[in-house]
Amino acid sequence: MDHHDLTDDERELARLVREFADEVVAPQAYEADRTKTLSMDVVRQMGELGLFGLPFPEEHGGQGGDYFALCLAIEGLGRVDQSIAITLEAGVSLGAMPVFRFGTEGQKREFLPDLLAGEALAGFGLTEPEAGSDAGATRTTARLDGDEWVLNGSKQFITNSGTPITRFVTVTAVTGEVDGRKQISTIIVPNGTPGFTVEAPYDKVGWHASDTHPLTFVDARVPEANLLGEPGRGFANFLHILDEGRIAIAALSTGAAEGCLEAAADYAKKRTVFGEPLSTRQSIQFTIARMQLRVHNARLAWHHAARLRDAGKPFKTEAAIAKLTASDAAMDNARDATQIFGGNGFMNEYAVARHYRDSKILEIGEGTTEVQLLVIARALGVA
Ligand SMILES: Cc1cc2nc3c(=O)[nH]c(=O)nc-3n(C[C@H](O)[C@H](O)[C@H](O)COP(=O)(O)OP(=O)(O)OC[C@H]3O[C@@H](n4cnc5c(N)ncnc54)[C@H](O)[C@@H]3O)c2cc1C
């Protein structure tokens with residue numbers, strides 16, 4: 001379906017990404033999922049297309065676009081392969097964005113050119129075994145010893161933390177206490193730092209080709225200058241990054257919901273049941289119409305939040321609404337599409353089966369459904 005409110009440049013970007021998604025990403029998605037391998041060749045090509053640099057100024061090697069443009073690209077990829085879409089989402093929104101927003105000039109010069117070219121990736125380490133939705137419960141510590149931070153603790157479920165081109169992970173760690181309250185800061189920990197271990201990848205339900213690992217830190221030492229942003233601001237900074245990330249996850253979810261819609265409509269027209277195309281049944285027509293409704297609402301919701309963000313206006317509640325609307329749309333459309341495919345819908349070679357497995361995490365990552373509801377309830381003054 002057409003995106004009515006796009007500028008000519010945005011329309012062209014959406015077209016370009018759709019073509020890349022259909023010609024390069026979709027053909028490898030089944031095999032990548034089956035073998036649980038992130039294609040570094042696809043990542044390289046996304047880098048060449050400039051996708052990792054979309055929302056950054058040209059002076060840092062970016063494309064001079066905005067967050068809306070990034071989300072358009074993520075939506076286009078999410079339609080055919082959620083693992084590839086989340087690799088871009090996490091690479092930009094969680095990997096490069098914290099450095100761009102909170103880094104010193106030196107850190108930006110050192111890291112941004114490669115991150116924005118897709119030649120390097122960075123992870124974002126907030127979640128711990130005892131600190132997920134309640135991310136302030138961070139236990140990982142970093143103490144200054146001379147001119148080095150010494151890190152101890154662990155992180156879990158960290159995207160893009162162990163790819164062959166992962167350069168570093170930005171982690172939250174408790175760096176002290178002020179007035180009895182934990183002071184949480186963010187620190188850049190390069191991969192390969194002694195004492196920092198990227199553990200074996202998870203055996204996940206979906207997003208098989210996305211790179212996810214637990215991390216452990218045992219007396220891992222990094223220079224004091226690896227502090228990212230002001231000491232004690234780490235938690236607040238990360239929450240801001242997550243608000244933006246929710247818009248990007250909403251865009252990814254919209255793409256997934258659309259991929260399911262297209263596949264279901266196509267299948268219903270081709271599949272014959274009781275001597276007629278499946279699409280002649282009104283219950284199927286109505287299911288597909290409802291799938292379109294969800295895609296439409298999800299897209300409007302993320303467009304609205306992204307436009308607010310790019311205009312420098314408050315967008316926290318709108319980002320939560322977008323994430324919730326779109327992740328529900330993806331999950332519901334994946335379920336409906338799988339049902340329309342019948343037994344084939346349970347076979348991994350069909351993209352709808354992959355979307356069925358992949359979409360569940362959209363209701364969990366970067367703030368669960370319940371966390372989005374809390375954000376909305378707080379804005380209403382009822383929580
Ligand atoms: C594939 C994958 C990739 C990820 N990538 C990253 C990453 O790159 N970086 C990173 O830092 N994290 C990452 N995460 C972690 C993810 O953000 C967390 O899993 C998520 O925030 C939920 O935290 P949790 O798993 O600890 O669940 P919990 O916080 O333990 O929540 C369990 C349940 O309780 C509910 N709940 C919690 N609090 C409340 C409340 N106050 N009221 C009502 N219900 C509540 C939750 O909604 C959920 O349903 C990733 C996770 C996965 C699975």
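Visitor: Where is the place of F274?
Guide: F274 sits in the loop between strands β9 (272–273) and β10 (276–277). Strands here are DSSP E runs of at least two residues and helices are H or I runs of at least four, numbered from the N terminus. This is a predicted model, where local features need pLDDT of at least 70, side-chain atom pairs count only at pLDDT 80 or more, and totals for chains, interfaces and linings use all residues. Residues are numbered from 1 along each chain as its sequence is written, and side-chain values use heavy atoms, with hydrogens and water left out.

Visitor: OK, what about the phi of F274?
Guide: F274 has a positive phi of about 50 degrees, although it is not a glycine.

Visitor: And is F274 buried or exposed?
Guide: F274 counts as exposed, at 80% relative accessibility. Buried means under 20% relative accessible area, exposed over 50%, and partly exposed in between, using a 1.4 Å probe and protein chains only.

Visitor: Which loop holds D179?
Guide: D179 lies in the loop between β4 (166–178) and β5 (181–190). D179 also has a positive phi of about 50 degrees without being a glycine, and it is exposed, with a relative accessible area of 76%.

Visitor: Switching topic: which residues touch the most other members of the largest nonpolar core?
Guide: Those are M46, L77, L88, L115, I247 and W302, out of 88 residues in that core. A nonpolar core is a set of buried Ala, Val, Leu, Ile, Met, Phe, Trp, Tyr and Cys residues joined through side-chain atoms within 4.5 Å.

Visitor: Which helix gives the most to this core?
Guide: Helix α6 (residues 234–270) does, with 16 residues. Apart from this core lies another one, of 15 residues, among them W149 and V222.

Visitor: What does L88 touch?
Guide: Leaving out residues up to four places away in sequence, L88 touches M46, L51, F52, L70, A73, I74, L77 and S93. Contact means heavy atoms within 4.5 Å.

Visitor: Now the ligand. Which residues come nearest?
Guide: T127, S133, F157, T368 and E370, of the 17 residues around the ligand. Being around it means having a heavy atom within 4 Å of it.

Visitor: How far is a polar side-chain atom of S133 from an oxygen atom of the ligand?
Guide: For S133 the distance is 2.6 Å. A polar side-chain atom of T368 also lies 2.6 Å from a ligand oxygen atom, while a backbone N or O atom of L126 lies 2.9 Å from one.

Visitor: How many helices and strands are there in the protein chain?
Guide: The protein chain has 10 helices and 10 strands.

How values were computed
Polar contact = N/O pair within 3.5 Å; in protein donor to acceptor, adjacent residues only side chain to side chain.
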